[in-house]
Amino acid sequence: MSAILSADDLNDFISPGVACIKPIETLPAHPPESNSNAYEVTTEEHATASQPRTPAQISLTDCLACSGCVTSAEAVLVQLQSHNEVLSTLDAHPSLRTPWLAHNGTNGKLNNILNGVNGHYQQEGKLFVASVSPQTRASLAALFSVSEVEAGNMINQLLSGASGLRASGVHGSDFTWVIDTNIVREACLVAAADEVASTLSPDVTPSSSTGFEGAIDTTPKQPILTSACPGWICYAEKTHPEILPHLSRLKSPQALTGTLLKSVLSQRYNVPPSQIWHLAIMPCFDKKLEASRSELTSTAWLPNHDTTHDPVRDVDCVITARELLHLASARNISFSSLPRSPLPSSSRIPFPDPSIDAFLFPPRRKNQSVLAGPSGGYMYHILRTYQAQHPGSEISESPGRNADVVVYSLTQGSKSIIKTARYYGFRNIQNLVRGLKPAKVSKLPGARMGVSRRPGGSSAAARESVKDYAYVEVMACPGGCTNGGGQIKVSEVEEVRALEGIQSVNRETTVGRPGLTEQKEWLRRVDEAYFSGSDEESADEDGDLNMVEPEASKLNGLLDEDVVNGISRSYIHNMISHWSGITGVSTQDLLYTSYRKVESDVGKKKQSDVERVAGLASALGGGW
Amino acid sequence: MSSLQIQPLATLSPPSNSRCWQSVPHPSQPLIATACSDKTVRVFSLTSFTLLHSISGGHKRSVRSVSWKPHTKGQSVLATGSFDASAGIWRRVERGPEEDFTRHGRDDDEEEDDEDYQFSCILDGHEHEIKSIVWSPSGQYLATCSRDKSVWIWEELEDDNFETVAVLQEHDQDVKCVAWHPEEDLLASASYDDTIRLYREDQDDWVQVCCINGHSETVWCIEFEGSGMGEKDFRAQKGELSEEQIQHIELLERSGPRLASCSDDSTVRIWRRQPKEGADHANGHAGVPSIIRSFSVDEEWVEDAVLPQRHDRVIYSISWSRKSGLLASTGSDGKIVIYKERWKEQISNGVTAAGVDKVVNGIEAPSRHRMTEWVVAAELYSAHDVFEVNHAVWAKRCDKGRRSDDEEIIVSTGDDGEVKAWTVEEVKPQAGG
């Protein structure tokens, strides 16, 4: 109708560039409907639309995982990681058993063997290893109304037990080890505290040999921001590159588990990384993206890496709790009827290196205390580390604008030692990121600068406070990792329970779309399961704030400086140097990683030839 | 039969040579700001109908939407939403006679800029084009919506210090428009997914409290009824009202301001909230009590009216007069239509009489929802020649020709880059009209 309609303004219409990865996650279960409107661009949109709406709290994470964050190449990588991928890999390869007994190699021999194993040998057997997040156990525990320990046992039974995956499949392959990522997290926590200490140290030189700001060998800027949440990392790299210098260089527990397994087994025991197949079971779809990062492959730590070999990922496949259930049912295993007891210790295959075996499989399982929060407890561990170094210091907590923002400060008398905070959820991330922006960047380029009519500016003071934090535990999901996007959702509970043939334990049956109350109740139960493994008292059902009081004596008591929150720093340090020693890889290459600004072409329209010609024509006064 | 006539008053000058999207009158000054696809905002005088300021240099792409912050003292604050995915906040000191204006440490050409709107901060966060931006009536919140399917709520803690208080991702498609309830912190959004959604703060989270499905195509624009309209619209003429008319007025009072929406489906619809208190027994309403939420923040909005269909293409914009209760719509067909609500004639009409009987018997009357009717009061064709009209809005008449303090004009904004002012006059009924 309009005569002056121009290509430049054709923006009120959805273009294919705005595809979202949400459909990728859900497509297998919900094929696109055929009656989609021809004017709507993607059929995936309809697949999403036709499903029951995701509860609001969870859907907030979707914005982190949508178009702007995912290139099509990444989307393919994510798609490849499914329970079907697990099944087909298990069927394609027999389990590789105790190969280190066969060749008792050394570092020197490794590369020769690695090169020799090209081709046939590699295809024969694989050493299957799984690592399981505590949040996944909590989700399954809440679903089946068992304890978190029992849920962990059931997972072990499925992956390694006699009645599990081994019982069927082409080769009867199963997982040699199932590792609790909480164990490896202890190394992450200690290293995170060390990283904060080095950033706050006055003689820090934030220079990098490679010169880019997210490099592995830079010390992050204060405040250090957690890097264990892949949704947050993805968003930061693509949307807020100015934040990268603040990111913790530390690998996530998932990534570190992968590096530990593959580096030790390959460098010390001659199992090439490509023959180790590492499955991670995580609360989060975005962990699949993390597993696909080129930074987290054998290239990062293999000495003298031969560029003719394809880099091997430290984590080969990531699935979620729901996909684990699909995995079981695909092999006709009823997850709920798996034994809840631990695997017999007689069947346990020790990790070849005794020290690492002792580290990975400690006799007593530890879980996070409620105060550590639902996302691994980075910030809490750092606080406690500082507290241990400052006898008599006290931790005080002040709630933020909403439940997902909490600020902590450690004070000794009137002296403030360290301030940290927890920022969960996308809206709070927005405020954090804005607070960290240098004032000038937040101005529109090219515009006349306004003069703030309010001198000094209390707003400047407000921004300072974010910069004052030493550490911020940032997680994309409101409610943290127990509320991860890959966890079983409240809307799925009844369906999954029905599939598993079990009755709802509670008499309440949700009709239609569960509301916010049901959502919060479900999340509370997952949290309860998550914290139940704690060797301290279990979660107070009434919420967080009440727990500060009874815990206060414990919190503020005198602590041995070495053992923080049940984790011995010296033990972890020794373990890390042992690891570095037996692999011949520097601790930097083992523990740390790097981040990069990702240029997204989404939203930046590529000019087609036609448009360019049309543009030229109209510039010359012509027109079409 | 039309009872009003739309007459050209002025074309604001100079016109832009590219498409203009929206024109928003200043809440207190005789000014109107036009969002323009040439990346500028043009501020016109409503007394002289000439350009006063051109706000440029900020946005990299089309400015799609603007909103004046209400209740500002001594300054005008304008929020701009752009296709460059950012929102801008601009300020201009309005120098009243009493204003003590001091300048220091600034060089000469900046002093001249004092006359201009100063860019003061940017709100980043949306991934794609911002489609609509609007301040809440209190000025505490700013809402934006975007092609990225999200609706954001920002809170201005102090000047230029904004915090994201919510990112609402309920829509499945491009979100076209956001609007605030005039009395409550209740936000509505309209989308390409054909729905209207309403949000409210529950504990410390903003949550969707209602989803209105009723339009069969994209909902382009939504606007709430003004506050206290019972004193100004058809309800104002008291006396000689029937029992059920009085009941209907009471119902409207309990419902609060209604919501109007317009769509690609060529209809304008009015939605009314079902009053919560006593809704289950007093009115005997059939609504199933919520079994989902114990303390429900959910609201139920029902269709109150479908306006006579006079557009044969997309309706882009509606405006509900705060003074008269008249509703104006415009769109792709270039027409401007004014609708008026009035009591349905009851006694002489046998059809509605049946409904009256039911009410008398104390049973719910289906016809109660249609106690009133909307009629077309005026129609104007080709308001912007052959071009689409993107926006039409009621504004206070401020030029010399105004006939009363309350007189309102309509300002239309078109693809031709023109912004036009129109008077709306009563016409004597003519035979054969």
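Glu129(B) has a relative accessibility of 3%, so this residue counts as buried; buried means under 20% relative accessible area, exposed means over 50%, and partly exposed lies in between (1.4 Å probe, protein chains only). Its partner in a salt bridge is Arg61(B), and the closest N and O atoms are 3.4 Å apart. Arg61(B) lies in the loop between β5 (51-55) and β6 (63-68) of chain B, and Glu129(B) in the loop between β9 (118-123) and β10 (130-135) of chain B, so the pair ties together parts that are 68 residues apart in sequence. Arg61(B) counts as partly exposed because its relative accessibility is 22%. A salt bridge is defined here as a side-chain nitrogen of Lys or Arg within 4 Å of a carboxyl oxygen of Asp or Glu. In general, side chains of opposite charge can pair when their charged atoms come close.

The structure is a predicted model, in which local features need pLDDT of at least 70 and side-chain atom pairs count only at pLDDT 80 or more, while totals for chains, interfaces and linings use all residues. Residues are numbered from 1 along each chain as its sequence is written, chains are lettered from A and ligands numbered from 1 in the order in which they are written, and side-chain values use heavy atoms, with hydrogens and water left out.

**Salt bridges**

Over all chains, a search of the whole structure finds 57 salt bridges.

| Arg61(B) | Glu129(B) | 3.4 Å |

Lys176(B) and Asp174(B) are both buried. Arg402(B), by contrast, is partly exposed, with a relative accessible area of 35%, and Asp405(B) counts as exposed at 55% relative accessibility. Salt bridges that share partners also join Glu225(B), Asp233(B), Arg235(B), Glu253(B), Arg258(B), Arg272(B), Asp304(B) and Glu341(B) into one network.

**Helix α2 of chain B**

Helices (H or I, at least four residues) and strands (E, at least two) are DSSP runs, numbered from the N terminus. Helix α2 (residues 243-255) of chain B has 13 residues, which at 1.5 Å a residue should span 18 Å, and its end C-alpha atoms are 18 Å apart, in agreement. The expected span is 1.5 Å times one less than the number of residues. In α2(B), the buried residues are Glu244(B), Gln245(B), His248(B), Ile249(B), Leu251(B), Leu252(B) and Ser255(B). They cover an arc of only 160 degrees around the axis, which puts them on the same side of α2(B); the arc is that of the directions from the helix axis to the C-beta atoms. Glu243(B) and Glu253(B) are exposed residues on the face of α2(B) turned away from its buried side. Just after α2(B), Gly256(B) takes a positive phi of about 85 degrees.

**Cysteines**

A disulfide is a covalent bond between the sulfur atoms of two cysteines. With the cut-off for a pair of cysteine sulfur atoms set at within 2.5 Å, a search of the whole structure finds zero disulfides over all chains. The sulfur of Cys262(B) is 4.7 Å from the closest cysteine sulfur, in Cys221(B), which is too far for a bond. Cys262(B) counts as buried at 0% relative accessibility, and Cys234(A) counts as buried at 9%.

**Chain A**

Chain A has 26 helices and 11 strands. Of its 624 residues, 55% count as buried.
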